[in-house]
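Here is a short tour of a sheet and the helices that go with it. Have the structure open as you read, and take one element at a time.

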There are 2 protein chains.
Amino acid sequence: MIELINYPNGKKISESNVTHHISASRRGMTLEADINQTNEYYLSTDKAVIHKKPTPVQIVHVDYPKRTAAKITEAYFKVPSTTDYNGIYRGKYIDFEAKETASKTSFPFSSIHPHQIEHLKKVLQHGAIGFFIIRFKAYDETFFVEASKIIPHYLDDQKRSLSYKWFKEEGILIPFGLSPSVHYLKVIDQLYFRRSV
Amino acid sequence: MIELINYPNGKKISESNVTHHISASRRGMTLEADINQTNEYYLSTDKAVIHKKPTPVQIVHVDYPKRTAAKITEAYFKVPSTTDYNGIYRGKYIDFEAKETASKTSFPFSSIHPHQIEHLKKVLQHGAIGFFIIRFKAYDETFFVEASKIIPHYLDDQKRSLSYKWFKEEGILIPFGLSPSVHYLKVIDQLYFRRSV
């Protein structure tokens, strides 16, 4: 069975999959744009190979015009069965999900799909470095949180969110720069390799 | 810049992204269907977490009907920047591309994108297990070939293909079964871990 989802007003459609231009100024850059820029930096400097997966789409109808590119005329968004990002760093398998919230007080679990939690649990069992990158837009703060810290809270039926305060205590603030803008490998080095990039 | 591609007659559109039914009988199963079944088996038996990436699509227009799922009404296929499959096995990052050919004599390089070769080169540098799964449909034979063996031939300007004979000599025949149908981890165990699954 394939689950289809509605992305109201197109807000959640991944940037890399919708044709529009991103403002050249940093202010207003989405977390996704920052991470894509960071991953391109890692790729071009041979630090790591980490990519965003394409948005999963269920294609129903395709037109094949003679002289131009095949055109998909009917398709729907599917619920992702994995996280958005994975790759390799220092020989280790890397896997993470990135989310930003406009809330000043908490991060809502509703933006993470149960499949993604299940996926992270599995890859951790197999030896992955699995984590979340969570941005509080109101403070322009971006936290690195190990998946193993978030998963038990997510699976706790009583909880619907984690407070900003919790991220301040349990998360690690990702250093911000121009390039790379979200230097999360620096955090991974501290946590898993005890050396700096 | 985004490269768009035409998939003539829809032949190459990935199965998991087009709505149609696959024959229940093994005969006529595509390589992709076999690998998906195999990966599901590995996932459900906790052997490995390996997924096919969604087909990369450039979304141009989306309709948001009030009561039903968001409908993509204009989109195009993009040239993939990575391979189709990746994941984790015994703590190692796994990355591969799978292709089948109807030819009885050779496998044409035209079905592999230069980006995919570049990607495999990069992940190998970072310590990945990178390879190809190539099926000769005429013989119902599926070969495992390490990426490091194919890449130099692909990059050789004089070469446009590799012969079936080459695969017989340099590739490893993947054992075929009912479940998993394309048991490629068995080959990985022999090559990289020297033990059986």
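Predicted model: local features only at pLDDT ≥ 70, side-chain atom pairs only at ≥ 80, totals over all residues.

## Where two strands meet

Strand β8 of chain B covers residues 141–146, and two bridges join it to β10(B). These two strands run antiparallel.

## The whole sheet

Strands of a sheet pair through backbone hydrogen bonds, and they can do so either parallel or antiparallel. In chain B, six strands form an open sheet with mixed pairing, in the order β1-β4-β5-β7-β8-β10. Which are the edge strands? They are β1 (48–52) and β10 (172–173) of chain B, each of which pairs on one side only.

## Helices on the sheet

Now look for helix α2 of chain B, residues 114–125, which lies across β5 (92–101) and β7 (129–136) of chain B. Helix α2 runs at about 155° to β5(B). Helix α3 of chain B, residues 147–155, packs on the sheet too, touching β7 and β8 of chain B. The direction of α3 makes about 85° with that of β8(B).

## Helix against helix

How do the two helices sit together? α2(B) and α3(B) pack at an angle of about 135°, and their axes are 10 Å apart. That angle is why α2(B) counts as oblique to α3(B). The crossing of α2(B) past α3(B) is left-handed.

On the α2(B) side, the contact is made by B:I117, B:L120, B:K121 and B:L124. On the α3(B) side, B:A147, B:S148, B:I151 and B:Y154 take part. Six of the contact residues are nonpolar, one is polar and one is charged.

Conventions
Residues numbered from 1 in each chain as written. Chains lettered and ligands numbered in written order. Pairing = 2+ DSSP bridges. Helix = DSSP H or I, 4+ residues; strand = E, 2+ residues; numbered from the N terminus. Contact = placed C-beta atoms within 7 Å. Axes fitted to C-alpha atoms, helices over the stretch in contact; angles between N-to-C directions. Parallel < 35°, antiparallel > 145°, perpendicular 65-115°, else oblique. Left-handed = near helix turned anticlockwise from the far one by under 90°. Nonpolar A, V, L, I, M, F, W, Y, C, P; charged D, E, K, R; others polar.
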